[in-house]
Amino acid sequence: MMKTLDRARTKRVAALVLLAFALVARTAAPAPAAAKAEKLSPPQGWVAPDRQRAIERAHENVPFVSQVKDECFVCRQQRLRNEGYGIDDITDACFLLDSPIIKKRSDQYMPVRFMHSKHAAALNDCTVCHHLRPADPQGKETSRCVACHRQAFDPRHPDRVGLKAAYHLRCIGCHEQMHKGPVDCLGCHDKNVPDHNRLVELPDHPKPSQVTVECLRCHKRQGREMLKTAHWLWRGNSAYTMGRRKEVQSGKGTNAVNNF
Amino acid sequence: MRLNRRGFFKVVGAAGVAVAGTGQNAGAWHSKAPKDPYGCLVDLTRCIGCRKCEEACNRVNRLPPPELPFDDPTVLDTRRRPTDKAYTVVNRYYTGKLDERSKLVPTFVKIQCMHCQDPACVSACIVGALTKKENGAVHYDVGKCIGCRYCMVACPFEIPAYEYYDPITPRVMKCTFCYERISKQGGLPGCAEICPVEALTFGKRSTLLEVARKRIKQDPARYLDHIYGEKELGGTSWMYISGEPFESVGFRPLPAEPIPRLTETIQHSLFSYLWSPALLFALLGGLMWSTHKKQNTSEKGGES
Ligand code: SF4
Ligand code: SF4
Ligand code: SF4
């Protein structure tokens, strides 16, 4: 009995391995695709291979295009196409929308990891964002945002928005118009949470109550809010539990003593 | 002649208007507006209602923490006014504008002190606690304030608030235009610095007017051809452009006449010649005398 079961299992595993090998052998491409489909989120500690490059690029000082030729979107699109520029020329998958220009004024959120090639492929039109080009008629490249959009409220260019606003206006405007993509802060940014390793002050082997007290030292409001939730009170509406909507009547809200 | 309170004001008012009418040459009113002030242009078509400006204002002015956090979206469900604890507030209006999916599109409006070019509050302040500075800010000096709250009555935008809860050292509270910050080279108001979409553009008022005109001209479908604050009440340092009619997003239509022009003309003509107070006191004396006489007669009549 045991033996037959074991044999059946070995057979199944062998078949699976064979199948996997066959897949890998046939083409190299589908295998990583299959692996990617299995795991939607990157493993712990993973960083994008081009991350370091993206960070460096974000801090590069791009020469200021002081004179730019205004060109209508369609003309520009046409010209880029005629000159043979397309999405294939985009070599970087990821852009880190980070710059000392933005950091100087406020630092509430982490920089956006912008999927540049993905957007290019979806839009298939560089001029949606890159609306101006270098003044040099021989210059073929699109200008980077930071070439013109720099510090906000520059008295020399009062009608030109700063880098932060240029990003936000373009991103949010387009996402709203196309009903696609996030339009709220946390949809694109992570919060720039201060390093709690340095903030938290606890003894080596703290008691659970000590930890709670330490959290409440800064997060007083969250503490007050927590006291009103069903998680704390063990009481209240449970809108999705059919027939048991107001069932639980005992707990910290009513008759329990534990308050930590 | 029985003289009640209302009657008294009627008589005095009539005298004032009569004097103002005759005092044409009593020195015409001059605007005291600074020549090249700073300003702020609020573009309502850009504002996304994130309330980061409120948060920044609270931080740079060291105001008390709000009841509900700044990222709580329910705050926008109520229409608010600036208070002594919040110099600026963002309100949400549904003007009936629809997007292509027939959903109502909100318009967000940040309000704060307009920093009028010829401010009614400054004119009303009897001790000079409020002053219009060269850089455009209408500045409040708590050391001079006697707490009469005339400024609150005078302001056409109902901006100044008062610390009623504080019986010892109450202050009038309103947006300072971040006076200290913008006095420094390259300094920005807290709210304009943080705004993620530059719905608030800070700069010289004259430049901002050009910027506003250019924006309206370049995208006439997006904007109404009206810069609120360009002419209203003789001009304000904070100005607005919008895609929705201003009346529908909480702005009152206001005349181009600065308020102090009317009030100060009356006042100044009243005191321009020595004889006008003399006339006033003669008038009052006459009134007192006649009332007193009548009272006397009626008292005497009561006795007999
Ligand atoms: S808005 Fe009101 S408080 Fe502000 S300057 Fe004008 S009159 Fe004064
Ligand atoms: S200018 Fe300064 S005081 Fe006025 S609303 Fe902005 S941050 Fe607040
Ligand atoms: S920070 Fe700017 S976009 Fe956000 S609510 Fe204020 S004015 Fe509007």
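How many residue pairs are in polar contact across the interface of chain A and chain B? I put this first in my notebook, and since I am working from a predicted model, I note that each value below is computed from that model.

**Entry 1: the interface of chains A and B**

The search across this interface returned 8 residue pairs in polar contact, both residues of a pair being at pLDDT 80 or more. I then looked up which part of chain A supplies the largest share of the side that touches chain B, and found helix α8 (residues 163-178) of chain A, with 6 residues. By residue class, the side of chain A that touches chain B divides into 9 nonpolar, 6 polar and 6 charged residues.

For the extent of the interface I wrote down that 21 residues of chain A are in contact with 24 residues of chain B, and that the area buried between chain A and chain B is about 1900 Å², with carbon and sulfur atoms giving 57% of it. In chain A, the residues that lose the most area to chain B are Arg105(A), Phe153(A) and His179(A), which together make up 35% of what that side buries.

**Entry 2: salt bridges between the chains**

I next looked for charged pairs, and the rule finds 3 salt bridges across the interface of chain A and chain B, while over all chains the whole structure holds 23. Arg105(A), already noted among the residues that lose the most area to chain B, forms a salt bridge with Glu193(B), and the closest N and O atoms of that pair are 3.1 Å apart.

I also recorded the salt bridge in which the side chains of Asp159(A) and Lys214(B) meet, at 2.2 Å from N to O. This pair crosses between chains, running from Asp159(A) in the loop between α7 (145-148) and α8 of chain A to Lys214(B) in helix α7 (residues 205-218) of chain B. Asp159(A) counts as partly exposed because its relative accessibility is 39%, and Lys214(B) counts as partly exposed at 38%.

**Entry 3: salt bridges within chain B**

Are Arg215(B) and Asp43(B) buried or exposed? Their side chains meet in a salt bridge at 2.9 Å, N to O, and the pair links distant parts of the chain, with Arg215(B) in helix α7 of chain B and Asp43(B) in strand β1 (residues 38-43) of chain B, 172 residues apart. I found Arg215(B) to be buried, and Asp43(B) likewise.

Glu158(B) forms a salt bridge with Arg252(B), where the closest N and O atoms are 3.1 Å apart. Glu158(B) lies in the loop between α4 (150-154) and β6 (161-162) of chain B and Arg252(B) in the loop between β9 (238-241) and α8 (259-270) of chain B, so this pair ties together parts that are 94 residues apart in sequence. I noted Glu158(B) as partly exposed, with a relative accessible area of 47%, and Arg252(B) as partly exposed at 45% relative accessibility.

**Entry 4: ligand 3**

I listed the residues that surround ligand 3, and among them are Cys47(B), Cys50(B), Cys53(B) and Cys195(B), together with Arg51(B) and Lys52(B). The shell around ligand 3 divides into 9 nonpolar, 1 polar and 2 charged residues.

**Entry 5: Val74(A)**

Last, I looked up Val74(A), which is found in helix α4 (residues 73-82) of chain A. Val74(A) counts as exposed because its relative accessibility is 56%, and its C-alpha atom is separated by 9.7 Å from that of Asp125(A), 51 residues apart along the chain.

Key. Residues numbered from 1 in each chain as written. Chains lettered and ligands numbered in written order. Predicted model: local features only at pLDDT ≥ 70, side-chain atom pairs only at ≥ 80, totals over all residues. Heavy atoms only, no water. Near = heavy atom within 4 Å. Nonpolar A, V, L, I, M, F, W, Y, C, P; charged D, E, K, R; others polar. Helix = DSSP H or I, 4+ residues; strand = E, 2+ residues; numbered from the N terminus. Buried < 20%, exposed > 50% of the residue type's maximum accessible area, 1.4 Å probe, protein only. Contact = heavy atoms within 4.5 Å. Buried area = accessible area lost by both parts, 1.4 Å probe. Salt bridge = Lys/Arg side-chain N within 4 Å of Asp/Glu carboxyl O. Polar contact = N/O pair within 3.5 Å; in protein donor to acceptor, adjacent residues only side chain to side chain.
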